Every structure is written in C-alpha cells, then in structure tokens.
Amino acid sequence: MSESDLSDRLYRLRHSMAHVMAQAVRDLHPDVRFAIGPPIDDGFYYDFDLGAGPDGRPTTFSPDDLAAIEKRMRQIIAGKHPFQYREVSADEARTLFAGQPYKLELIEGLTKGDVDEYGVERDEVDVDGASGGAGDAARAGAAAVVISTYRQDAFEDLCKGPHVEHTGQLPADAFKLLSVAGAYWRGDEHRPMLQRIYGTAWLNKKDLAAHLLMLEEATKRDHRKLGRELDIFTFDDEVGPGLPLWLPNGGILIEEIERLAKETELRHGYQRVRTPNLAKEDLFLHSGHLPYYADGMYPPMELEGVRYYVKPMNCPMHHKIFASRPRSYRDLPLRLAEYGTCYRFEKSGELIGLLRVRSLQMNDAHIYCSAEQFEAEFLDVIAMYLEYFALFGIERYVMRFSRHHKRGLGKKYVDNAPLWLHTEDMVRQAMHSGNIPFVEVPDEAAFYGPKIDVQIWSATGREFTLATNQVDFAQPERFDLTYTSAGGGAERPLCIHRAPLGTHERLIGFLIEHYAGAFPVWLAPEQARVIPITEDHNGYAERVAAELRAAGLRASADLGADRMNAKIRDAQLKKVPYMLVVGDQEMADDTVAIRRRDGTRGEPVAVGAFAADVVERVRVRAATL
C-alpha cells in the first residue's frame with residue numbers, strides 16, 4: 001500500500017469513527033448538542049455540549065462514560081450501517097438540525113461561503129469548491145451553495161466526507177477513546193466551553209497497541225514530570241502562571257544552549273547586542289506592534305506621565321541599533337543577535353509547562369541585507385537549522401512556508417499586497433534554490449511578512465514548533481532604515497527575523513522529552529558522580545571530583561550515608577551519564593571504575609585519562625557516552 005493510499009484509508013476510518021462516536025453519545029445522552037468532529041493526526045475528536053447539571057455547572061464526561069461510549073460504538077460498528085451521502089438546501093439543513101445551535105451557526109457560515117463544515121474560515125486561494133460553499137460561485141449567492149450530510153443508521157451529520165462504505169469496515173478492536181478536555185466553541189474564550197472527547201483509531205489491533213505504547217512512553221517523558229524529578233524548573237503561584245523559575249540544573253541547560261548558539265552564530269558572522277526589558281509606548285506604536293499585537297502584550301505601566309511596556313519582542317530595539325549611525329552597503333549584511341528575555345501575555349488556558357509560557361528567552365537575531373543578499377542570508381539560516389537538527393538527532397521535521405491572506409490586509413497583516421506577493425516569491429525562490437522541501441500554509445504569516453516555521457518531532461513522535469525565519473518588508477520602512485548604496489544613493493534594507501533555536505523554554509521542554517532526561521554528556525547538568533564504596537573512600541572520592549571539576553567537568557562526590565548500590569540507583573534516576581565507583585583498588589591505582597547510566601561498565605581508567613576523554617566528548621558535543 002502506498003503512503004498516500006494508507007493516509008486516505010486512515011483519514012476515512014478516523015472520520016467515520018468520529019461520526020460513530022457522535023451517534024453513540026447521542027444514543028446515551030439524547031439531549032446532547034453537537035459541535036464538530038474532525039479526523040486528526042493519529043485519531044479523531046468530537047466536541048459536545050451536555051448542558052448544565054442540577055448545580056448549574058456544565059455537565060462533563062467521566063471515565064465510566066467513555067467506557068459506555070466505546071461499548072455503544074462497537075454495537076454500531078457491528079450493525080454494518082452504510083454511510084449515505086446527500087446534498088440538502090440551506091432550509092432543509094436548518095430543519096434537519098433544528099435544536100442544534102452549533103450546527104445552525106455552521107450552516108449560516110456555509111451559506112455565505114465563509115467557513116467549511118468545521119467552522120474554519122476558508123482560504124480564498126486554496127479552496128477546491130467542495131461542499132460548504134467555497135469559491136467564487138458560492139460567494140455569489142446562497143443558491144450556489146452545496147451543503148452535504150452523511151447518515152449512518154439513525155444518525156445524520158453535517159459533512160462533506162469522505163467515509164468508509166459502512167460501519168462494518170471499521171475495526172472494532174483497533175480504536176480507543178483516550179481523554180476528555182475542555183474546548184471553547186470555535187476556539188473563542190468568550191464562547192461556550194464544550195466537552196471534547198479524543199480518540200485514536202488504526203487499521204488493526206497491532207497498530208493500536210504500538211500507538212498506545214508510544215503514548216505511554218510519551219507520558220513517562222513528559223517534560224513537566226521529568227522537569228520536577230530532575231530539578232530543572234518549577235512554577236510558583238505567588239510568582240505567577242507561565243513564569244518559570246529555573247533551578248540550578250535548568251540554569252546549566254540554558255548556559256550550555258546559549259554557549260552553543262553563540263559559538264554557532266560567531267562562525268556565521270553575527271554580532272551580539274543587548275537591549276532593555278522595557279521601552280516606551282512610543283516605540284511599539286512606531287513599530288506597529290501595539291495595533292497588531294496588543295492582546296499578546298502585558299498592560300502598560302505609567303511613570304512620570306510616560307507609559308512603558310515590557311517588551312514582547314526584541315526587533316524594534318534592534319532596528320534602533322541599526323539606525324544608531326549611518327550605514328553603508330559595505331556594512332551589509334549586518335547580523336545582530338541577542339538572547340533577550342521577552343514577555344507575552346498568553347491566555348491562561350493555553351499555558352503548557354515550558355511549551356507555552358509568558359516569560360521567554362529568545363534565540364533572536366535580525367539580519368539587515370540588500371535584496372541581492374537576501375537568498376544567501378535566508379538559506380544560511382536554514383543551514384543553521386540543519387546543523388542543530390543533526391546535533392540533537394532530530395530526524396523528522398517540516399518547513400512550513402506561512403503566507404498572508406488578502407482578507408487580513410490592514411487588520412492582521414500590513415496593508416501592502418504587492419510587497420506581500422513579492423516577498424513571498426523571494427522566499428519561495430530561495431527555498432527552491434536551496435533544494436529545501438517545504439509546504440505552503442496560507443494565513444499564518446507574521447503581520448509584517450512571510451516566514452518559514454519549523455515543526456519538529458521528538459523521539460516519541462510528539463510534534464513541536466521550534467524555530468522561525470521571517471522576512472520583514474514593513475519595519476525597515478516604518479523606522480526609515482537606510483544604507484548608502486555603492487552608487488551613493490539611499491537604499492532600504494530587507495530585514496530577516498530568525499530564531500533557529502526558538503526559546504530556551506520551548507527548546508528545553510522538547511529536549512527533556514526527546515532525550516527522556518538522559519541528556520548527552522555536554523548538556524547534562526551533572527556529568528559525573530563519584531561514588532565511594534565505603535566511608536573510608538570518601539576522601540579519595542572528593543579528590544577525584546575536584547580533579548574532574550578542575551578539568552572543566554560538572555562532577556560531584558556522593559558522601560551520604562546510603563549504601564553504594566543505593567547511591568548508584570539514585571544517580572541512574574537522576575540520569576547522570578557517568579558513575580565513578582572508587583574503593584581500595586582505585587585508591588591504590590589512582591583510577592576510577594566506570595558505570596554508565598545505561599548500565600554498561602568500562603574498564604578501570606586513570607582519573608586524568610577519564611577526564612580527558614569526557615572533556616573531548618563535551619568539546620565536540622558527542623551524542624554518545
């Protein structure tokens with residue numbers, strides 16, 4: 001079976017499962033109100049409104065409910081009910097879904113051609129004219145709208161498909177309902193909170209078991225769990241949500257990643273700058289961030305009649321650095337880099353450990369260049385991504401080319417359609433010239449220009465958004481940035497915003513899960529722990545640890561009262577790369593007995609030789625111990 005055929009089969013299977021689940025919920029809860037239920041990567045979900053309970057609070061699903069829903073789904077599957085497609089008029093659809101307010105709202109959007117059957121705004125460029133009223137004809141009037149439904153057994157849902165032929169084609173032993181979560185209707189926190197049931201479905205029982213095993217492993221690797229166990233970071237209610245406190249081990253991770261970035265950027269010709277954590281309101285009005293980005297900024301503070309904001313990004317200040325003195329074409333490309341701390345007011349319901357925070361340290365830089373230099377500079381940033389991916393063993397990634405949408409001009413995006421199209425062509429051409437695979441995604445650009453966003457997957461298959469490479473045609477004009485060309489005239493530079501390592505917070509969250517906390521030795525907060533066999537060996541253990549620290553390694557000696565085996569077990573739980581056991585023989589020979597965290601052992605080796613070997617591994621940032 002080809003990859004595309006497999007993808008199509010899984011899509012149909014999961015889409016059909018969502019409908020079967022909705023029918024099962026309706027059968028068990030006749031008064032339920034339905035929202036949407038799409039297939040997604042690895043499964044499906046459906047959003048429901050169960051109404052309020054006797055206490056006036058929204059009714060929620062329990063684990064027992066999920067078991068009952070699964071049981072009813074298997075009964076529906078056994079009925080081998082055909083999935084029947086039909087097209088209906090808007091009036092027929094309103095009658096069919098009377099009493100279902102979420103469906104009626106979707107129908108109104110469909111009749112106008114504004115949304116698809118999931119309530120997602122349609123892209124005016126990429127629509128295919130499928131049911132739901134997309135395309136010019138649909139927007140010309142309600143008469144051209146095609147609204148379709150699918151029915152199985154006694155359940156009918158607003159849908160354009162596709163589905164399997166009948167429920168009997170769904171594997172009754174290869175699906176599972178996983179969890180329930182709250183979800184705002186159409187993602188709007190001011191709209192009703194719905195109950196979202198997530199499920200997974202596969203072609204066979206074996207694939208389901210493999211996926212559930214992967215989910216179990218992902219739970220063990222969850223960066224929030226390991227972050228606590230490995231003393232990397234913490235949150236405190238009195239400090240505030242989304243504001244991580246980095247513990248000493250986390251501080252080491254940050255320093256090592258920052259050292260990596262600085263060394264890499266030095267090789268690529270960057271200069272380092274520093275900017276303050278707050279600035280006057282005038283700066284963000286000047287940059288345009290306040291009209292476009294106000295909801296993501298902390299509220300202002302006012303002192304001596306002047307309003308200040310904590311900075312949500314570094315770029316306006318970097319533009320000021322560029323403008324601080326006259327620039328010549330000989331100065332370009334000018335690459336300004338900073339690990340600046342920024343603050344963004346993410347919604348409380350969207351905060352997720354280190355992956356979505358309000359205080360973030362960005363691997364930020366801005367490149368000012370001529371149009372002729374753009375392609376080389378843009379591709380050099382992509383090359384930096386690939387260097388980092390190789391270092392961290394990231395094998396699966398996708399480059400997403402995020403474009404503007406014309407309906408957002410002047411609101412979500414800078415109102416300059418010709419420049420949008422021109423710079424998007426520049427990005428597209430650069431990616432083609434560099435033979436870099438990418439996918440195009442409409443309506444996800446930055447407000448000032450197109451960008452490449454990088455999605456990566458951890459060792460467990462979890463997806464993360466890591467890096468960004470953005471083109472800015474608006475800010476240089478706003479700040480009147482110019483340089484003197486070779487001909488003596490004033491030219492406007494292009495600006496590339498880039499952050500190949502994203503933020504410390506998100507990157508470290510990813511790395512914790514990717515490595516399951518067992519970091520390579522160069523990144524490990526504690527690189528070696530010396531473990532004496534008895535108290536008689538404590539002095540030698542201290543001396544060995546001191547010698548390792550003198551060589552530049554992060555080492556300690558465990559001089560506690562626990563027995564040796566307990567100390568080894570503790571070091572393994574803390575994911576320490578090397579445990580160095582010392583006793584009478586090691587003291588006599590000035591050696592250490594090596595135990596690695598994976599349980600393998602090495603031959604006794606002289607302390608100096610061990611230190612030299614590990615120092616070299618740290619220097620080259622080796623992936624193996």
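Trainee: Over the face of which residue does arginine 14 lie?

Mentor: This is a predicted model, in which local features need pLDDT of at least 70, side-chain atom pairs count only at pLDDT 80 or more, and totals for chains, interfaces and linings use all residues. Residues are numbered from 1 along each chain as its sequence is written, and side-chain values use heavy atoms, with hydrogens and water left out. A charge sits over a ring if NZ of Lys or CZ of Arg is within 6 Å of the ring centre and within 35 degrees of the ring normal. At 4.5 Å from the ring centre, arginine 14 lies over the face of tryptophan 202.

Trainee: And how far is arginine 621 from the ring centre of tryptophan 522?

Mentor: Arginine 621 likewise lies over a ring face, that of tryptophan 522. The distance from the ring centre is 5.3 Å.

Trainee: Is tryptophan 420 buried or exposed?

Mentor: Buried means under 20% relative accessible area, exposed over 50%, and partly exposed in between, using a 1.4 Å probe and protein chains only. Because its relative accessibility is 0%, tryptophan 420 counts as buried.

Trainee: What is the relative accessible area of phenylalanine 473?

Mentor: Phenylalanine 473 also falls in the buried class. Its relative accessible area is 7%.
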